[in-house]
Amino acid sequence: MAQRALPLILLSLIPLLFILFPQIQAQSPTAPAPAPTGPIDIFAILKKAGQYNTFIKFLNETQVGIQINNQVNNSNQGMTVFAPSDNAFTNLPGGTLNKLSDQQKVQLIQYHVVPKFYSFEDLQTVSNPVRTQATGQKGEAFGLNFTGQNNQVNVSSGGVETNIYNAIRKDPPLAVYQLDKVLIPLAFTDNAKTPSSDDAPAPTDDSAKSGSTADKTKAKEPSPAPNGAKRINVGLFGLISGVFLFCMGALS
């Protein structure tokens, strides 16, 4: 008799389980939400990757790194950075960086920054030239040219060309790629200009006045008598003197 009553008791408890189970589940502690990753920091990205100390130094000195952080954290457009390694800066010809003015150093670092996010696949088919953050004195943009073939991408400044080997960061809104050469803007090597007559400075008022005064002085000075005229005068004087002495001798 007791064995028959046991199934009935279990069946009567099933509705009670459906009532109590949602309440127990609601009271159980929930898993904590994942913590936010924080703002993107180009300095931290390069420092973690290593071998970019020189580039980090210039990003800091020129304030370009701060501009990158502000844009990728406060806009939807994204950016792409091409980071030369420490070896790339070491392999530059001696004195290259020391010859640059402060403005040119800013342009050099900005030349390695593109104000748009480009994936590695995008760089293989992008339309050239690609505008960088760097501009010239007249506001003209400094561009880069990309060529892609067999899953390899080359970047060229017109004077320097190198491969893009490694993606340090490839997730939007910021892509960072490693370079083994420093991209020198072609404008840095085209500044030499051969002086022409049009570039010669115009004479000042003082020099013009001194020139005119000299011309007047030369005009006032009598021109020296020709040698022939001197000889005629000497001969004529001698002839008169001879006639005079002849007349004096005749009278005496």
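A residue counts as buried when its relative accessible area is under 20%, and at 3% relative accessibility Phe146 therefore falls in that class. The structure described here is a predicted model, and its protein chain contains 9 helices and 7 strands. Of the 252 residues of the chain, 28% count as buried, while the chain exposes about 17,800 Å², of which carbon and sulfur atoms supply 57%. Among the contacts in the chain with a separation of 6 or more, 61% are accounted for by residues 24 or more positions apart.

**Strand E1 and its partners**

- Strand E1, which spans residues 79–84, has 6 of its 6 residues buried, so the strand is largely enclosed by the rest of the structure.
- In a regular strand the side chains alternate between the two faces of the sheet.
- In E1, Met79, Val81 and Ala83 point one way, whereas Thr80, Phe82 and Pro84 point the other way, and all of these residues are buried.
- E1 pairs with E7 in the parallel sense over 6 bridges, and within this pairing Ala83 has Gln178 of E7 as its bridge partner.
- E1 is also joined to strand E2, residues 113–114, by 2 bridges, and these two strands run antiparallel; here Val81 stands opposite Val113 of E2.

- A pair of aromatic rings is described by the distance of the centres and the angle of the planes.
- The structure holds 4 aromatic pairs; in one of them, the rings of Phe82 and Phe146 have centres 5.5 Å apart and planes at 35 degrees, so this pair is tilted.
- That pair links distant parts of the chain, since Phe82 belongs to strand E1 and Phe146 to strand E4 (residues 141–149), 64 residues apart.
- Phe82 is buried, with a relative accessible area of 0%.
- The rings of Phe82 and Tyr177 have their centres 5.8 Å apart and their planes at 25 degrees, and because planes under 30 degrees apart count as stacked, this pair is stacked.
- With Phe82 in strand E1 and Tyr177 in strand E7 (residues 174–179), the pair ties together parts of the chain that are 95 residues apart in sequence, and both Phe82 and Tyr177 are buried.
- Phe82, Phe146 and Tyr177 form one aromatic cluster.

**A charge over a ring**

- The charged end of Lys57 sits over the ring of Phe58, at 5.9 Å from the centre of that ring.

**Thr132 in strand E3**

- Thr132 is placed in strand E3, residues 130–135, and is buried with a relative accessible area of 1%.
- The side chain of Thr132 reaches two backbone atoms, namely the oxygen of Phe142 at 2.6 Å and the nitrogen of Ala134 at 3.3 Å.
- When residues up to four places away in sequence are not counted, Thr132 touches Gln110, Tyr111, Val113, Val114, Pro115, Phe142, Gly143 and Leu144.

**Helix H6**

- In helix H6, residues 102–110, the buried residues are Gln104, Gln107, Leu108, Ile109 and Gln110.
- The buried residues of H6 pack against helix H3 (53–61) and helix H4 (64–74), and also against strands E2, E3 and E4.
- Gln110, one of the buried residues of H6, is also among the residues that Thr132 touches.

Key: Residues are numbered from 1 along each chain as its sequence is written. This is a predicted model: local features need pLDDT of at least 70, side-chain atom pairs count only at pLDDT 80 or more; totals for chains, interfaces and linings use all residues. Side-chain values use heavy atoms; hydrogens and water are left out. Rings of Phe, Tyr and Trp (its six-membered ring) pair if their centres lie within 6.5 Å; planes under 30 degrees apart count as stacked, over 60 as edge-to-face and the rest as tilted. Helices (H or I, at least four residues) and strands (E, at least two) are DSSP runs, numbered from the N terminus. Buried means under 20% relative accessible area, exposed over 50%, partly exposed in between (1.4 Å probe, protein chains only). A charge sits over a ring if NZ of Lys or CZ of Arg is within 6 Å of the ring centre and within 35 degrees of the ring normal. A polar contact is a pair of N or O atoms within 3.5 Å; within protein, one must be able to donate a hydrogen and the other to accept it, and residues adjacent in sequence count only if both atoms are side-chain atoms. Contact means heavy atoms within 4.5 Å. Two strands pair if DSSP finds at least two bridges between them. Accessible areas come from the Shrake-Rupley method with a 1.4 Å probe; for residues, only the protein chains shown count as cover.
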